[in-house]
Amino acid sequence: MKVFTLYGFILYKISKYTQNLKLYKLLGFGLNFNNKKGNLYLKIIIEIISNITFYQWFLLNKLKISIDYDFNYNLIFSIKKTINSFYKLVLNN
């Protein structure tokens, strides 16, 4: 995940099993006070789509079909896996 801090952007890895409202402490990325850097707290908020419009459903299906027919699996394997997981979560409920 790309996180904006006072000192620029950093990349922070979170687990795929992270729970909603999980709080992470980033040591040394907070405010600078008396030549000591404080901590920055990162709260994860997960939102799950419950309703989609017909147009959103159409676009998801179009994206799934375009990925299914792509033969370059080395480049898009992770994208295809993510889209398929999202497709199952949203459309099969």
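A residue is taken as buried when its relative accessible area is under 20%, as exposed when that area is over 50%, and as partly exposed in between. In this predicted model, Tyr-24 has a relative accessibility of 15% and therefore counts as buried. Tyr-12, with a relative accessible area of 22%, is partly exposed.

Strand β1, made up of residues 2-5, runs antiparallel to β2, and four bridges join the two.

Aromatic contacts were considered next. A pair of aromatic rings is described by the distance of the centres and the angle of the planes. Three aromatic pairs were found in a search of the whole structure. One of them consists of Phe-4 and Phe-9, whose ring centres are 5.2 Å apart; the planes meet at 65 degrees, so the pair is classed as edge-to-face. Phe-4 has a relative accessibility of 60% and so counts as exposed. Phe-9 is likewise exposed, at 54% relative accessibility. Another edge-to-face pair is formed by Tyr-12 and Tyr-24, with 5.5 Å from centre to centre and 70 degrees between the planes. This pair links distant parts of the chain, since Tyr-12 belongs to the loop between β2 and β3 whereas Tyr-24 is in strand β3, and twelve residues separate them.

Two lysine side chains were found over aromatic rings. The charged end of Lys-2 sits over the ring of Phe-9, at 4.7 Å from the ring centre. For Lys-37, the charged end lies over the ring of Tyr-7, and the distance to the ring centre is 4.3 Å.

Backbone geometry was noted at two loop positions. Leu-21 is not a glycine, yet its phi is positive, at about 65 degrees. Its place is the loop that runs between β2 (8-11) and β3 (23-26), the loop that also holds Tyr-12. Asn-35, again not a glycine, has a positive phi of about 60 degrees. Asn-35 is found in the loop between β4 (32-33) and β5 (36-37). With a relative accessible area of 76%, Asn-35 is exposed.

Note on methods. Residues are numbered from 1 along each chain as its sequence is written. This is a predicted model: local features need pLDDT of at least 70, side-chain atom pairs count only at pLDDT 80 or more; totals for chains, interfaces and linings use all residues. Side-chain values use heavy atoms; hydrogens and water are left out. Buried means under 20% relative accessible area, exposed over 50%, partly exposed in between (1.4 Å probe, protein chains only). Two strands pair if DSSP finds at least two bridges between them. Rings of Phe, Tyr and Trp (its six-membered ring) pair if their centres lie within 6.5 Å; planes under 30 degrees apart count as stacked, over 60 as edge-to-face and the rest as tilted. A charge sits over a ring if NZ of Lys or CZ of Arg is within 6 Å of the ring centre and within 35 degrees of the ring normal.
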